[in-house]
Amino acid sequence: MKESGGGRKQGTPSPCAACKLLRRRCAQDCVFAPYFPAEEPHKFANVHKVFGASNVNKMLQELPVHQRGDAVSSMVYEANARVRDPVYGCVGAISSLQQQIDMLQSQLAQAKAEVVHLRVWQNATLSNHGPNPASPSNSGSPSSRLMASQGKSIFDMDMMVDQPSLGDSIW
Ligand SMILES: [Zn+2]
């Protein structure tokens, strides 16, 4: 017995996943029915285990209809995370993502500092017009040397941005 889009046709005998689990009659205006269709029983099981059906019922009743779908997605996500990780729940995922953000931000700051450093070094090298042991293109004209060194530093930056996992060994 398949229903499309979670909606219920009038007179459908099959109760929604919530009412089935709670062993109660699924009323025509059941607040769970649009979000917990019968064909996804696991979706309600964890939500009920973590939040309790009456709390979910209360929360959904207090929300305007257009926000209930998002609220259910959030509760399903939180409940699944809590079942997977009973101690931290979705806070564990949030804090691990926060750590990644902090790490990437510090890599970005280091890369920006390196850009400034390379620009200063480049300006000093170009204004001196002296011998440059770091550059293999000394024999070229000043303009070709400029192109080469710019191309090199831009290439280096791309490599660093594309391979953040190598950051530790580079620094
Ligand atoms: Zn129902």
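Q: Which exposed residues sit on the face of α3 turned away from its buried side?
A: That face of α3 carries Gln61 and Glu62 as exposed residues, where exposed means over 50% relative accessible area, buried under 20% and partly exposed in between, with a 1.4 Å probe and protein chains only. Helices here are DSSP runs of H or I with at least four residues, numbered from the N terminus. This is a predicted model, in which local features need pLDDT of at least 70, side-chain atom pairs count only at pLDDT 80 or more, and totals for chains, interfaces and linings use all residues. Residues are numbered from 1 along each chain as its sequence is written, and side-chain values use heavy atoms, with hydrogens and water left out.

Q: And which residues of α3 are buried?
A: In α3, which covers residues 53-62, the buried ones are Ala53, Val56 and Leu60. They lie on the same side of α3 because they cover an arc of only 60° around the axis, the arc being that of the directions from the helix axis to the C-beta atoms.

Q: What do they pack against?
A: The buried residues of α3 pack against α1 (17-22), α2 (41-51) and α4 (65-84), with contact meaning heavy atoms within 4.5 Å.

Q: Switching to α2, which residues are buried there?
A: In α2 they are Phe44, Asn46 and Val47. These buried residues fall within an arc of 165° seen down the axis, so they line one face of α2, while the face turned away carries the exposed residues His42 and Lys49.

Q: What comes after α2?
A: Gly52 follows α2, and its phi is positive, near 90°.

Terms used
Helix = DSSP H or I, 4+ residues; strand = E, 2+ residues; numbered from the N terminus.
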